[in-house]
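Please take a moment to look over the sequence and the model below. The paragraphs that follow walk through a few parts of it in turn.

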Amino acid sequence: MLWRVAEAPGHIEARELTKRFGDKVAVDHLSFTVEPGRVTGFLGPNGAGKSTTMRLICGLDWPDSGTATIGGLAYKQLSRPLTRVGALLEARSVHPGRSARNHLLFLAQTQDIPARRVDEVLELVGLSDVAGKRAGGFSLGMNQRLGIAAAMLGDPKVLLLDEPGNGLDPEGIRWVRNFMRQLASEGRTVFVSSHLMSEMAVTADHLVVIGRGALIAESSTQEFIQRSSERSVLVRTPDQARLRELIVDEGGKVTQDQDGGMVVTGLEAPRIGELAASASVVLHELTPQLPSLEEAFMELTAGSVEFGDTRTS
Amino acid sequence: MTAGLLAAEWTKIRSVRSTVWSLLAFVVVAIGFSTLVAVVVSNNWTRPGPHPNQITLHTDPTAVLFGPGFGLGQLAICVLGVIVISSEYSTGAIRASLLAVPLRIPMLAAKAIVFALIDLVMSTITVFAVFFISTSILSSHVSITLSQPGVTRACIGAILYLTVLGLFAMAIGGLIRHTAGAIATVIALVIVVPPLITLIPGTIANHVHGYLPTVAGVLIGQTAQQPADVLSPWQGFGVFCVWTAVLLAACGYLLLRRDA
Ligand SMILES: Nc1ncnc2c1ncn2[C@@H]1O[C@H](COP(=O)(O)OP(=O)(O)OP(=O)(O)O)[C@@H](O)[C@H]1O
Ligand SMILES: [Mg+2]
């Protein structure tokens, strides 16, 4: 395509990024790197500073200190930035009186992107039929699709998506997930925030986890799940009382699950098997449990939750 | 700044209804009210009693032709000037705009140019429409032509005033960012503050009044300088332009400094 600029490397890099709103530190000396070719999830409890970080990367808010760069350049140094970076922000950014097509058209004109690209992205997100309708009448999901269309307008190498699943139905969420995976497989940088950890577990290859504006973890999704949570083992036996005694004597902890199994923590599966064998206890099941991303996340961010405690306790 | 940015601002302005409604209100109010005044003056021409308008039609004809219609119609320009920028903030569209133009100032410049051109075209049409409609209604009593001294300058002056007024309102819209607050501020500056200042006795108040943005600005729409005027038409217009330039500069400075 004629209007596409020379390929630029698509790393997103935050270095010591700090942003205060009055007394409140929303982003606190945050450093991380987002690599191309994979989906990087940006996780954190409500109010952790995800949206603020995204706005800082896009040059909408000014940091108090630190830097954010894309391919080594600050956002405002990018010429025709929409052809390099596509951003879907959390807050509404469409005039409700303007049609979807005119919204995309004016954005295209600022970048010298030909108008036919507008129809392409409308088609891409399935809004062709309502392209001429005022965006004010759109549902949450349609607005989200329009935002994704705007992000894809310049066919950018780098995508920043703040809670793209917001307001989408299950089918829409699956569509976004596959879309992001496809973009990453094309070698693009996909940086996506979400509060749905389970969603990230199946979408993100890599995670940047923050709490109260500061970095908590930066690792692959796999590693994050394994490292960050205590492993547990599901055990089924007809002789529960006996095995429970043995496990507790060895320093393990036992809880009962709903359908009659025992969940053991503090002992690895092989040790439990040995204990059972030594006492001739029959085992029907001995399964190491992978903690869900949800649990790993809760564990890691415990103590850095902004609003959670007062509401849940 | 590129042609693309100008095209984008044109797309933004033409694609919302408020633009069409404001411009329609401007044209209808200005032409309608001016015509009404001309008809009333014409019908009462030979009635007994004092006729201040008849005297003014000889000393400063454009003040009678333009004063009532544009005095009211200019408020539509003020409203449009404010909303071309404040609506971006109230709707969040500013975020999309600044993602596309992160240096920000080129966006503001393109917006100012496109809006000023629209304002200029609409004002030109309306000012000359008012001039020819009103002078033809009054033609059996008084002859006013563009070749009389100061008349053409006053017509062009009215157009220039209305154009700069739009930018003046736009700057305040960009500074205040809230539509209602900015409209209230502009209207206060245009029609509330000037008469209040004249209530203060003394020559200093008289000078302050003369240098108020729109008090100075409208002088360019008069056929001749009046005894009470502190400034000449072009001086007055210069003062108005300085006010507007300073406000636009402040608007640009804060656009760069503030979070979007
Ligand atoms: N414009 C602002 N003015 C003042 N405070 C703000 C502003 N924007 C964000 N904050 C505060 O900064 C903190 C981080 O907010 P942010 O929206 O970045 O969090 P988040 O991680 O995106 O949360 P969520 O999951 O709810 O979207 C919050 O405490 C919020 O109240
Ligand atoms: Mg957020």
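In this predicted model, strand β6 (residues 158–162) of chain A is joined by five bridges to strand β7 (residues 189–194) of chain A, and the two run parallel. Within that pairing, Val158(A) has Thr189(A) in β7(A) as its bridge partner. β6(A) is also linked to β5(A), again in the parallel sense, through four bridges, and here Gly86(A) stands opposite Leu159(A) of β6(A).

How many of the five residues of β6(A) are buried? Five of the five are, so the strand is largely enclosed by the rest of the structure. Its side chains are divided between two directions, with Val158(A), Leu160(A) and Asp162(A) pointing one way and Leu159(A) and Leu161(A) the other, and all of them are buried.

One of these residues, Leu160(A), leads on to the largest nonpolar core, which has 143 residues and in which Phe32(A), Leu160(A), Phe191(A), Leu57(B) and Phe66(B) touch the most other members. The element that gives the most to this core is helix α7 (residues 151–176) of chain B, with 15 residues. A second, separate core of 14 residues includes Val233(A), Val235(A), Leu243(A) and Met262(A). As for Leu57(B), if its neighbours within four places in sequence are left aside, its contacts are Val41(B), Trp45(B), Val64(B), Leu65(B), Leu138(B), Val142(B) and Ile144(B).

Chain A also holds an open sheet of three strands in the order β2-β1-β4, with antiparallel pairing. Because β2 (24–34) and β4 (65–70) of chain A stand at the edges, each with a single partner strand, one side of each is left without a neighbour in the sheet. Neighbouring strands of this sheet are turned against each other by 20° on average, direction ignored. Strand β1 (residues 12–21) of chain A pairs with β4(A) over five bridges, and Ile12(A) stands opposite Ile70(A) in β4(A).

Ser51(A) is buried, with a relative accessible area of 14%, whereas Glu90(A) is partly exposed, at 48%.

Finally, the domain assignment of chain A gives domain 1 (12–226) and domain 2 (232–288), and the C-alpha centres of these two domains lie 46 Å apart.

Definitions and conventions
Residues numbered from 1 in each chain as written. Chains lettered and ligands numbered in written order. Predicted model: local features only at pLDDT ≥ 70, side-chain atom pairs only at ≥ 80, totals over all residues. Heavy atoms only, no water. Pairing = 2+ DSSP bridges. Axes fitted to C-alpha atoms, helices over the stretch in contact; angles between N-to-C directions. Buried < 20%, exposed > 50% of the residue type's maximum accessible area, 1.4 Å probe, protein only. Core = buried A, V, L, I, M, F, W, Y, C linked by side-chain atoms within 4.5 Å. Contact = heavy atoms within 4.5 Å. Domains from an automatic or database assignment.
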